[in-house]
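Hello,

Here is the structure we spoke about, for you to look through. My notes follow it.

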Amino acid sequence: MTLAPYATDWTRSRGREFGLENALARGPRSPYQRDRDRIIHSIAFRRLRYKTQVFIAPDGDHYRVRLTHSLEVAQIARVIARTLGLDEDLTEALSLAHDIGHAPFGHAGEEALQGALHSHGGFDHNAQTLRTLMRIESPYCEHDGLNLTWETLEGLAKHNGPVSEPGWALAELDAAFPMELSTWPSLEAQVASLSDDIAYDNHDIDDGLRAGFLDLDEVLAHPFVADHWREVERRYPSAPRDRQVSELIRSQIGFMVNDLLAETAKRLDSIGSLAEIRSASRATAAFSDELAVAERAFKRFMYEKLYYHPEQLETSRRAKAVVAELFSAYSQQPVLMDEEWIDGLPRHEPERSRHIADYIAGMTDRFAIARHADIYGVTPEGLRNV
C-alpha cells in the first residue's frame, strides 16, 4: 500500500532509544510491525484481560475489559488509517498499547495511587503506559523496556495532544529519549485517540444496558442516538429489541467514523507532510464541530447515568480503599511484595514509593483483590456489581 505524503514512513523512523535490533531477522517486518508484536507478546498487554473497563472484576463473561476494548479500538483505527493512507501497523500498535498503564480497578485505582504518591509527584496512567513499556516490561538481555520506536512512544505520550507540563514520569522518560512533547503527534496517533472515543462511546452503551445501569428509553431519547434509532426501527420494525440495539451501535460507529474521515479530509487539504501535521495549530484528525458538540453532550449523559451511577461510585470507593491499603501494607512491609520487586526496591524516596506504585499499577483486578485478602485476611466485599 502506498502511504499518503502526511503518513508516518517507517523507512524514516527516528529509531529506538537503545538503537538495537535483534541480531537475527525474524521475518520481513517493519519497525512498527515489530512494535505491535512486542506489545502483543508483553505480559503487561496480557494483564489487560483482567483490568477494569467500565465494571470492576465483572463476574459475567460478556462485559468488556481493557483487553477487549483495546482490540476494538485497534479494529476501528485500522479502518480509518487505511482509508487515509496512514501506516496501519503504527496505528494498531498505538491502539493496542494506549491503556497498558491503567492501574487495577480503572480510574478508581488511578485515583488511589495518585493520592498515595501525592507528595512524590503523583500518578498518571498515560505516563505509566510509557513507564511500563520503556522501563518495567523488560524481556530483553540488552536493555530495559521493549525498546519501541520513537514514533510509537511519541504517539503514546501525546495521543491526547501536545503536553506542556509533563509529570515526573513522562519528564524522566522524555529526558532520556526526547519526544518533542510540545508538538502535535502523528496522524496515526491522533486517529488512535479518536478511535478510543468512538469505541467506548458506543460499546459502553451495550455494557451499561446489559448491566441494567442504563435505562434504554433514556438512551434512545438522547439526541446523540435518537435519529439513528428511528432509522433502525424503520428498517427493522419486527426485530427483537436486543438486535435493534446492536444495529444502533453499529450504525453509530459507522456514522462517527465517516464524520471523522470527512472532517479530517477537509483539514488535510492544505497539509502535505508529516512535519506540517506536527506543527499545525490544531489537531488534524477530528470530528466535525456538530458531532464534537453532540459527542461531548453524550459523554456528560454517560457520566451522569453510568460512570457516576450511585452503585458504581460505591464500588469505586471500595476499590480505592483496596489499592490504598495495598500501598500502605507494602510501604510498611515491603517483604509482602513478590521477590523480584523486593530485590529491586530503592532505599530512598521518592523512588521507593514510586517502585511500590509500579508494582500495584501492574496488578489485575482479581490479583489485587487476592493480595489484599492475603494481607488483611478478608476478601473485600462489594467489588463486583455485575
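The charged end of R14 sits over the ring of W150, 3.9 Å from its centre. R354 likewise lies over the face of W168, at 3.6 Å from the ring centre. A charge counts as over a ring if NZ of Lys or CZ of Arg is within 6 Å of the ring centre and within 35 degrees of the ring normal.

This is a predicted model: local features need pLDDT of at least 70, side-chain atom pairs count only at pLDDT 80 or more, and totals for chains, interfaces and linings use all residues. Residues are numbered from 1 along each chain as its sequence is written, and side-chain values use heavy atoms, with hydrogens and water left out.

The whole structure holds eight aromatic pairs (Phe, Tyr or Trp rings, the six-membered one for Trp, with centres within 6.5 Å; planes under 30 degrees apart are stacked, over 60 edge-to-face, the rest tilted). One of them, F55 with F213, is edge-to-face, at 5.3 Å centre to centre and 65° between the planes. F55, Y63 and F213 form one aromatic cluster.

H372 is buried, at 7% relative accessibility (buried is under 20% relative accessible area, exposed over 50%, partly exposed in between, with a 1.4 Å probe and protein chains only). Setting aside neighbours within four places in sequence, its contacts include V322, E325 and P380 (contact means heavy atoms within 4.5 Å).

Regards
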